[in-house]
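Hi,

Here is the structure I promised to pass on.

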Amino acid sequence: MNSLSLILHLAGKRTGPFLAALGLSLVTLAAGIALLGVSGWFLTGAALTTAGLAFNLFGPSAMVRGLSLMRIVARYGEKLVGHDATLKLLADLRGWLFRRLVPRVPFQGRLFRRGDLVSRLTADVDALDTVFLTAIGPILTALAAGLAMTSLLAVLLPDAAPIYALGFGCASLALPIALALASQRPGEAATLASAELRMRVLDAIDGHADLRAMGQTESAFRAFSASGRRLTRARTRQSALNALGTAGVQAMGGVTLVGILWQGLEALDTGAVNGPVLVGLLLATLASFEAASLLARGAGRLGAALAAGRRVQALAASEPTILDPARPSALPEGSSVHFEAVRFGHTPDRLVLRDLSLQVRDGERVAIIGPSGCGKSTILHLLLRLSDPEAGAIRVAGQDIRTVTQANLHRRVALLSQDTPVFLGTIRDNLRIGCPDADDDALWGALRAARLDGFVRGLPEELDTWLGEAGRTLSAGQTRRLCLARVLLSGARIVALDEPTSGLDRETEADFLADLAAATRGRTVLLATHASLPDGAVDRVLRVENGRLSPQ
Ligand code: ADP
Ligand code: MG
C-alpha cells in the first residue's frame with residue numbers, strides 16, 4: 001500500500017468531518033469573495049448616490065454585515081472541524097503504524113536507528129497534515145472558486161472571463177505544480193536533516209558518559225552542528241520557494257486584475273456593465289486569488305510531506321515474516337522444550353545453528369554456554385519464535401511452535417533478553433508489564449523471588465517509586481533483578497534468560513545466580529550465559545560448538 005492510498009484509506013473512515021471542513025472552507029471563500037464584491041459594489045454605488053444617482057443602500061449594507069459574519073463563523077468552523085479530523089487521522093495513522101511495527105521490531109530494529117524510528121512515527125506523520133490542511137482542501141476550494149468566478153464573469157463581463165480563467169489557472173495550477181516539483185529536493189533534505197539531528201541528539205545523550213570520558217564531546221558537537229546547518233539550508237530554500245510562490249500568486253492576481261479592468265472599462269464605455277458592478281467584480285477577483293495563495297503555500301510544503309510519506313511507508317511496507325497459523329492448535333499443558341535438527345542463519349550465507357538438537361524436560365534448568373557470537377541468544381529467540389528455523393522443528397510441550405498462536409506461546413515462554421529495558425514509570429508499572437492485573441501480593445512475591453524486596457521496602461514510596469528514564473535510579477544489578485521479577489511475575493512456565501548477569505560485578509553475579517534456582521523453582525529454565533555457574537544453579541550445562549550443543 002503506498003502512502004497516499006494508505007492515507008486515503010484512513011481518511012475514508014472520517015469522510016463526514018472532512019467533507020464538512022471542505023464545505024465550510026468553500027463557504028468561507030465564497031463569503032470572502034462575495035463580501036469584497038458586494039463592498040465594492042456598495043461603496044461605489046454609495047459614492048455615486050452622493051453624486052446624485054439613486055442607489056438603495058439598505059440591501060447591500062445588510063449583505064456586507066451578513067457576509068462578514070458568515071465568513072468568520074465558517075472559517076472558525078472549518079478550522080475546528082478540519083484540524084480535529086486531521087489530528088484524529090494522524091492519531092489513527094500513528095496507532096496503525098505502531099501496531100504494524102510491533103511484530104516487525106526484531107527485524108525493523110536492525111534497519112532503522114532508534115532516533116530514526118522516533119522521527120518516522122512523530123515528525124514524519126505530523127508532516128502529512130499538509131496533505132489535508134494545505135493540499136487536498138485548497139485544491140478543491142480553488143477549483144470551485146475559479147469555476148464560480150469564471151461563470152460569474154462570463155455572465156456579467158464575458159470578454160474578461162478568458163483573461164480571468166488564464167490568470168487564475170496559472171496561479172492555482174501551473175504555479176503550485178512548479179512549486180511542488182521545486183520543493184521536492186529541499187523538502188526531502190529538510191526531512192532527512194531533521195531526522196539526523198534527532199538521531200544525533202539521542203546518540204549523544206546515550207553515549208554522553210563515554211563521549212566525555214574519551215574527550216569526544218567536541219567532535220559530537222561538530223557533527224551535531226553540521227546536521228543543524230544542513231537543516232537550516234534546506235529550510236531556507238523551502239522558505240525562499242514559499243516566498244516566491246506567494247509573490248507569484250500576487251503578481252498573477254495583479255496582472256489578471258489589470259486585464260479585467262481593461263476589458264471592464266471598455267464595457268463601461270459601451271454601457272454593457274455599470275460602475276458599481278465592475279468594481280464589485282474587480283474586488284471579487286482579488287479575493288478569489290486568496291484560494292490560489294493558500295494552494296501555493298501548501299505546494300511549497302508538499303515536497304517535505306511526500307518525503308515524509310515515503311519514510312512512513314517504508315516503515316510499514318515490510319511484511320512480518322512470522323505469522324500465526326491460519327488454524328492454530330491448542331498448546332498442551334507442560335513445559336518441555338525440544339529442538340529437533342534445527343538449522344538457522346541470520347543471513348543466507350552464514351549458518352549459526354546446524355542441526356542443533358536439545359531436549360529439556362518439564363522443570364529442568366539448563367545452562368547454554370559458549371563464547372560470544374556462538375548463537376546462544378539466537379537459540380532463545382528461536383524458542384520465542386522471533387524467527388523461524390530454516391529446517392527442523394521446535395516444540396514446546398510436544399507441540400510445534402509454528403502451529404500455535406504467538407500470544408499462546410508467549411504466555412508459556414517468557415524471555416529476559418540481554419537488553420531488557422526499564423521503562424519510564426514506577427516500579428509497579430514496570431513489574432506489571434509481566435502481568436497487567438497482578439495484585440500487590442503477587443508483585444512482592446516476584447520481588448522476593450528476585451531478591452529485590454528488601455531494597456524496594458527501603459524506598460520511601462516502595463512500589464510507587466518513580467524509576468525515571470531507563471531506570472536511572474537503579475544500579476545494574478538492581479535493574480537485572482527488577483527485570484527478572486517482571487519475567488517471574490508473568491507466570492510463564494518456561495523462562496529463557498539471556499545473559500541475566502551481564503553488566504554485574506562478580507559478587508553480584510554470584511549472588512544472582514545462586515538465587516536463581518529458588519526464584520525459578522518449578523519452571524523450566526534455559527539460561528544463556530558465559531558466567532561461571534555456582535553449584536546447584538542449573539541441572540545441566542550445554543556448550544554451543546559449531547552450531548550444535550554438546551554436554552559440558
Ligand atoms: P551470542 O548470544 O552467543 O553472543 P548470537 O546468537 O547473538 O550470539 O549471535 C550468533 C551469530 O549470529 C553471531 O555471529 C552474530 O554476528 C550473528 N547475528 C546475531 N544477530 C544477527 C542479526 N540480527 N543479523 C545478522 N547476524 C546476526
Ligand atoms: Mg547473546
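**What I found**

Let's begin with helix α10 (residues 217-270): its 54 residues should span 80 Å at 1.5 Å a residue, and the end C-alpha atoms are 79 Å apart, so the two agree. The expected span of a helix here is 1.5 Å times one less than its number of residues. Helices (H or I, at least four residues) and strands (E, at least two) are DSSP runs, numbered from the N terminus.

Before the rest, some housekeeping: this is a predicted model, where local features need pLDDT of at least 70, side-chain atom pairs count only at pLDDT 80 or more, and totals for chains, interfaces and linings use all residues. Residues are numbered from 1 along each chain as its sequence is written, chains are lettered from A and ligands numbered from 1 in the order in which they are written, and side-chain values use heavy atoms, with hydrogens and water left out.

**The end of α10**

Just after α10 comes Gly271, with a positive phi of about 80 degrees. Ala272 sits in the loop between α10 and α11 (275-317). Is Ala272 buried or exposed? It is exposed, with a relative accessible area of 57%; the cut-offs are under 20% for buried, over 50% for exposed and partly exposed in between (1.4 Å probe, protein chains only). Leaving out residues up to four places away in sequence, Ala272 touches Leu156 and Ala267, contact meaning heavy atoms within 4.5 Å. Leu156 is 116 residues from Ala272 along the chain, yet their C-alpha atoms are separated by 8.4 Å.

**The chain as a whole**

There are 18 helices and ten strands in the chain. Along the principal axes, the C-alpha atoms fill a box of roughly 115 × 55 × 55 Å.

Of the 552 residues, 45% count as buried. Among contacts with a separation of 6 or more, 79% come from residues 24 or more positions apart. The chain exposes about 27400 Å², with 61% of that supplied by carbon and sulfur atoms (Shrake-Rupley method, 1.4 Å probe; for residues, only the protein chains shown count as cover).

**Helix α18 and what covers it**

The 14 residues of α18 (residues 506-519) should span 20 Å at 1.5 Å a residue, which agrees with the 19 Å between its end C-alpha atoms. Which residues of α18 are buried? They are Glu509, Phe512, Leu513, Asp515, Leu516, Ala517 and Ala519. Their cover includes β3 (365-369), α15 (440-449), α17 (476-489), β7 (494-498) and β8 (524-528).

In the loop between β7 and α18 you'll find Glu499. Its relative accessibility is 7%, so Glu499 counts as buried. Phi of Glu499 is positive, near 45 degrees, and the residue is not a glycine. Most residues other than glycine have a negative phi.

Asn546 is another non-glycine residue with a positive phi, near 50 degrees. Its place is the loop between β9 (540-545) and β10 (548-551), and at 65% relative accessibility Asn546 counts as exposed.

**A few other spots**

- Asp453 belongs to helix α16 (residues 453-457) and counts as buried because its relative accessibility is 19%. Setting aside neighbours within four places in sequence, Asp453 is in contact with Trp444, Leu447 and Arg448.
- Phe18 is in helix α2 (residues 15-50). With a relative accessible area of 17%, Phe18 is buried.
- Phe423 lies in the loop between β6 (413-416) and α14 (427-432). At 40% relative accessibility, Phe423 counts as partly exposed. Between Phe423 and Leu467 there are 7.9 Å, C-alpha to C-alpha, with a sequence separation of 44 residues.

Cheers
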